[in-house]
Each structure stands twice: as structure tokens, then as C-alpha cells.
Amino acid sequence: MRRLVFELEGTTAIAEMHEDIVPGTCDAVWEILPVEGMSIHANWASREIMLHLQGDKILRLPPEGPSSHGIVAPGDIVYFWRAPQMSRGKQLAYSSEFERELSEFAIFYGEPSGLGLATSDPARESDPTLQVTTLFATFIDLPADFVDKCEEIRHEGLKRLVVKRYEE
Amino acid sequence: MTRVRIALGEVEAFAELDEVAAPRTTAWLRELLPIRNRAIHSMENGREVYALLDTQGPIPEENQTIYQCVGDLFVYHKPAIFVEPAWPRHMRTFLVIGFIYERDSAIRGMSGPLATNIVGRITQGMDALAHEAPRMRKEGFGEIAISVV
């Protein structure tokens with residue numbers, strides 16, 4: 001299985017891709033690596049940070065495998081895409097590129113994951129042309145310092161996150 | 001009508017306490033003011049900003065709703081797991097005061113909507129809060145202070 005490494009302000013965590021379940025998504029993600037950007041904390045899906053995919057790194061992938069919408073666990077990494085007309089309000093905390101269409105990695109780092117308002121969003125889970133949520137990787141371990149750094153984003157603001165191919 | 005000032009980061013807003021609909025909760029809150037604490041952005045409810053209160057109440061069940069609106073000022077018991085990743089295990093909730101600054105938000109518990117006591121309404125400066133909260137989400141959260149004018 002191919003592996004990814006996530007680097008967040010001096011901390012790292014390694015994830016394994018689910019290429020046996022969602023090979024197309026894994027190939028597409030693998031092709032754009034490395035990606036980096038300023039990660040922001042979620043405000044609907046509990047302990048989750050997001051890395052928005054920018055410029056030529058934007059992915060617009062079809063649904064693949066079982067939808068992970070609302071059913072995630074700490075350590076899960078989800079490819080998320082949301083159509084432009086489905087934006088939730090003004091999204092002033094996002095850069096202008098993401099105030100409409102959203103393409104991102106959703107990284108669930110602790111309990112609770114996916115609880116909160118994200119679990120009761122039926123209008124957005126019924127139509128796969130409006131939203132795609134594909135679980136494509138899971139951390140093989142969640143180091144405490146990486147988890148702490150994710151939590152700090154809530155209070156301290158954006159932090160640079162780098163996602164690379166992991167090669168031993 | 002008691003007027004309170006809400007200072008969040010670099011902006012301020014004003015609210016009027018609803019002493020008619022929530023007489024006991026507003027009386028309790030007036031005794032508690034002024035409040036100054038770390039502002040926290042919700043990770044589960046959408047566009048909510050809140051602060052922990054230095055008490056666990058109790059507060060009466062009064063003027064409650066699960067359909068909070070932008071500009072409502074409310075108090076409620078927030079599940080501790082949404083506040084800190086490692087909370088004191090003898091506690092299951094924290095009493096908080098907060099507000100919603102943009103729609104598509106609703107207060108949730110662990111398994112569904114959570115009733116909140118509406119204690120007042122932000123009548124001035126809502127737009128400033130609605131811009132300051134996203135800024136702080138990107139640049140880091142500071143303090144929130146609430147005091148009687």
C-alpha cells in the first residue's frame with residue numbers, strides 16, 4: 001500500500017492509502033503530491049482540519065467507493081469536493097478561491113470526528129454531483145504532538161501543512 | 001432594558017438582554033458580568049463563537065430554543081468533548097455564553113439539537129462580529145469581553 005506523510009509545523013503523521021477500495025481517487029491524489037497550504041480547522045465536523053487544494057492541485061473527482069459522509073473516525077482522511085452552488089454562507093474564513101467551489105483533504109484527528117452539524121446535512125449527501133466525500137487514506141498512527149498541533153489551529157489560526165509521498 | 005457591550009478581538013457590538021422572556025437567566029447573567037475570557041470558535045455548530053463561564057450554574061430552563069438565529073445571545077451547557085480534547089472527567093458539560101454570527105449554524109449536542117436559553121439580542125455591531133470571527137479563525141483567537149454598558 002502506498003503511504004502519505006503529513007507534516008504540520010515540525011510534527012508528522014503517516015497514512016496508508018485505501019487503494020484497494022478507491023484506486024481512482026488514490027491515483028489522482030498521488031499524482032498531485034506534494035501539496036501544501038495553510039490548513040484551517042473545521043467548524044461543522046468537530047475534530048477535523050482541512051487543506052484546500054489550490055490552483056493546478058484542485059481535484060474534481062467522481063464518487064468512488066462507499067460515501068464517508070457523516071461516518072468517519074479519528075485518523076480518517078477524506079477527499080471532499082463541493083459544487084459552487086452549495087457553499088454554506090459567505091465562507092469569509094476561506095480564501096476567495098474556496099468561497100465557492102471547495103476541493104480539499106479533510107483530516108480527522110480526534111474524537112469526536114464528524115459529529116455536530118455535519119451529521120445532519122441531508123440536503124448535501126443525496127446528490128453526488130453536488131458533493132463528493134471519499135475516504136481514501138487512514139493514519140497508521142496519530143502521534144500526540146501531531147494531534148496537539150491540529151488542535152492548536154482552532155485557537156491560533158492557520159498552520160502550514162505539507163502532504164507528500166512517503167518513501168522509506 | 002439592560003444593554004451589554006460585547007468586545008471580540010478588535011471590534012465591539014452591543015446587545016439588549018431580554019429581561020421579559022428570560023427574567024431569571026438575565027438576572028443571573030447580570031450578576032456574573034463583566035466576563036472576560038478566551039474566545040473559542042465552535043467546531044461542531046457552524047458560525048458560533050463562545051466563551052466558558054466561570055460557573056456551572058445551574059441556570060433555569062427558560063426562553064429556550066433549538067432554532068437559534070444570527071444575533072441571538074445565548075447560554076447553555078456545551079458537551080465538554082467539543083471544548084477540550086482532554087477535559088476533567090468528572091465533568092460532562094461546560095456552561096458557555098455565545099452567539100451565532102452567520103446562518104447555516106445550529107447548536108448541537110452529541111446526538112441532536114441542543115436547547116439554549118436566549119438571554120438577549122445583538123442589536124448593534126453584528127456585521128463587525130461577522131467579519132471579526134472569520135478573521136480570528138484564520139489569524140488566531142483572542143479574548144471576548146461582555147460587560148453591562
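Me: Two strands pair if DSSP finds at least two bridges between them. What makes β1 and β2 of chain B a pair in this predicted model?

Reply: Strand β1 (residues 3-8) and strand β2 (residues 11-17) of chain B are joined by 6 bridges. The requirement is at least two, so β1(B) and β2(B) count as paired. The two strands run antiparallel, and Arg3(B) has Glu16(B) as its bridge partner in β2(B). Between β1(B) and β2(B), which form a hairpin, there are 2 residues. In that turn, Gly9(B) has a positive phi of about 55°.

Me: Why are β5 and β6 of chain A called paired?

Reply: Strand β5 (residues 76-82) of chain A is joined to strand β6 (residues 102-113) of chain A by 6 bridges. The threshold is at least two, so the term applies. Phe80(A) has Glu104(A) as its bridge partner in β6(A). In chain A, 8 strands close into a barrel, with antiparallel pairing, in the order β1-β2-β7-β5-β6-β4-β3-β8. From one strand to the next, the twist averages 35°.

Me: What makes residues of chain B count as being in contact with chain A?

Reply: Contact requires C-beta atoms, placed from the backbone, to lie within 7 Å. In chain B, 23 residues are in contact with 24 residues of chain A. Helix α2 (residues 126-139) of chain B gives the most to this side, with 5 residues.

Notes
Residues are numbered from 1 along each chain as its sequence is written. Chains are lettered from A and ligands numbered from 1 in the order in which they are written. This is a predicted model: local features need pLDDT of at least 70, side-chain atom pairs count only at pLDDT 80 or more; totals for chains, interfaces and linings use all residues. Helices (H or I, at least four residues) and strands (E, at least two) are DSSP runs, numbered from the N terminus. Axes are lines fitted to C-alpha atoms, for helices over the stretch in contact, and angles run from 0 to 180 degrees between N-to-C directions. Two residues are in contact if their C-beta atoms, placed from the backbone, lie within 7 Å.
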